[in-house]
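Dear colleague,

I am passing on the structure below, and my notes on it follow. Please read them alongside the coordinates.

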Amino acid sequence: MQIKRLRITGFKSFVEPADLVIESGLTGVVGPNGCGKSNLLEALRWTMGEASAKSLRGAGMDDVIFAGTATRPARDFAEVSILAEIAGPDGADEREIVRRIERGAGSAYRIDGRDVRAKDVGLLFADAATGAHSPALVSQGRIGAVIAAKPADRRAMLEDAAGIAGLHVRRKDAEAR
Ligand code: ATP
Ligand code: MG
């Protein structure tokens with residue numbers, strides 16, 4: 001999977017709509033402390049379905065919405081869109097995945113403009129061997145956590161990396177039926 005573009009509106013410090021076009025190859029993000037580098041990675045993880053506000057450095061999920069500054073009022077929603085090219089059996093397909101949160105009203109997801117469940121977004125990324133908990137997304141302080149992980153947790157990381165995490169979800173669903 002290749003992420004082609006990130007569009008961020010009202011998410012953390014990205015108050016005005018920001019379009020980040022990601023070319024193939026290596027992309028570096030540089031800037032002074034507190035300029036929003038980690039927020040960028042969090043926007044990506046959040047859109048992939050991250051359900052833990054704490055792992056996004058917040059107390060509740062509404063904390064991802066721009067909280068305002070001395071000169072700018074707070075916003076009442078945040079929206080992030082990922083445009084991704086996903087390899088399939090018939091070549092690569094472009095998909096747009098959107099997550100939106102309204103203050104006090106929770107999150108909603110869309111894939112190519114259609115309302116979907118969080119689970120559908122999770123499966124889409126899991127099948128592409130990535131996702132909110134992918135070992136490919138290494139947040140500050142995470143390296144130590146990987147080293148100290150219990151064997152079962154480390155196995156889950158390897159399964160995420162291998163793109164088979166979605167199979168477990170589908171098997172569980174099938175067994176529950
Ligand atoms: P460092 O180099 O120190 O790791 P960084 O570039 O990773 O810095 P971030 O942690 O991404 O910086 O950004 C932190 C900034 O985001 C802080 O200024 C913080 O006030 C701001 N911020 C976080 N959440 C919100 C929010 N909900 N509303 C407004 N600003 C926010
Ligand atoms: Mg940072």
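**The sheet and its helices**

In this predicted model, strand S4 (residues 91-102) and strand S5 (residues 106-111) run antiparallel and are joined by 6 bridges, and Glu 102 has Gly 106 in S5 as its bridge partner. Helix H2 (residues 118-127) packs on the sheet, where it touches S4, S5 and S6, and its direction makes about 50 degrees with that of S5.

Taken as a whole, the sheet is open and antiparallel in its pairing, with 6 strands in the order S2-S1-S3-S4-S5-S6; its edge strands, each pairing on one side only, are strand S2 (18-21) and strand S6 (114-116), and the twist from one strand to the next averages 20 degrees. Helix H1 (residues 37-47) lies across strand S1 (2-9), strand S3 (77-88) and S4, and runs at about 75 degrees to S3.

**The ligand site**

Ligand 1 is surrounded by 14 residues, of which the closest are Asn 33, Lys 37, Ser 38, Asn 39 and Ala 67; by class, this shell has 4 nonpolar, 7 polar and 3 charged residues. An unreviewed UniProt entry lists a "binding site" that includes Gly 36 and Lys 37.

Gly 36 lies in the loop between S2 and H1, and, sequence neighbours up to four places away aside, touches Lys 12, Ser 13 and Phe 14. Lys 37, by contrast, is found in helix H1, and, leaving aside neighbours within four places in sequence, is in contact with Val 29 and Gly 31. Lys 37 counts as partly exposed because 15 other C-beta atoms lie within 10 Å, and Gly 36 is likewise partly exposed, with 18.

Best regards

Terms used:
Residues are numbered from 1 along each chain as its sequence is written. Chains are lettered from A and ligands numbered from 1 in the order in which they are written. This is a predicted model: local features need pLDDT of at least 70, side-chain atom pairs count only at pLDDT 80 or more; totals for chains, interfaces and linings use all residues. Two strands pair if DSSP finds at least two bridges between them. Helices (H or I, at least four residues) and strands (E, at least two) are DSSP runs, numbered from the N terminus. Axes are lines fitted to C-alpha atoms, for helices over the stretch in contact, and angles run from 0 to 180 degrees between N-to-C directions. Two residues are in contact if their C-beta atoms, placed from the backbone, lie within 7 Å. A residue is near a molecule or strand if its C-beta atom, placed from the backbone, lies within 6 Å of it. Ala, Val, Leu, Ile, Met, Phe, Trp, Tyr, Cys and Pro count as nonpolar, Asp, Glu, Lys and Arg as charged, and the others, Gly among them, as polar. UniProt positions are given in the numbering used here, feature names are shortened, and annotations may be inferred rather than shown by experiment. A residue is buried if 20 or more other C-beta atoms lie within 10 Å of its own, exposed if 12 or fewer, and partly exposed in between; C-beta atoms are placed from the backbone.
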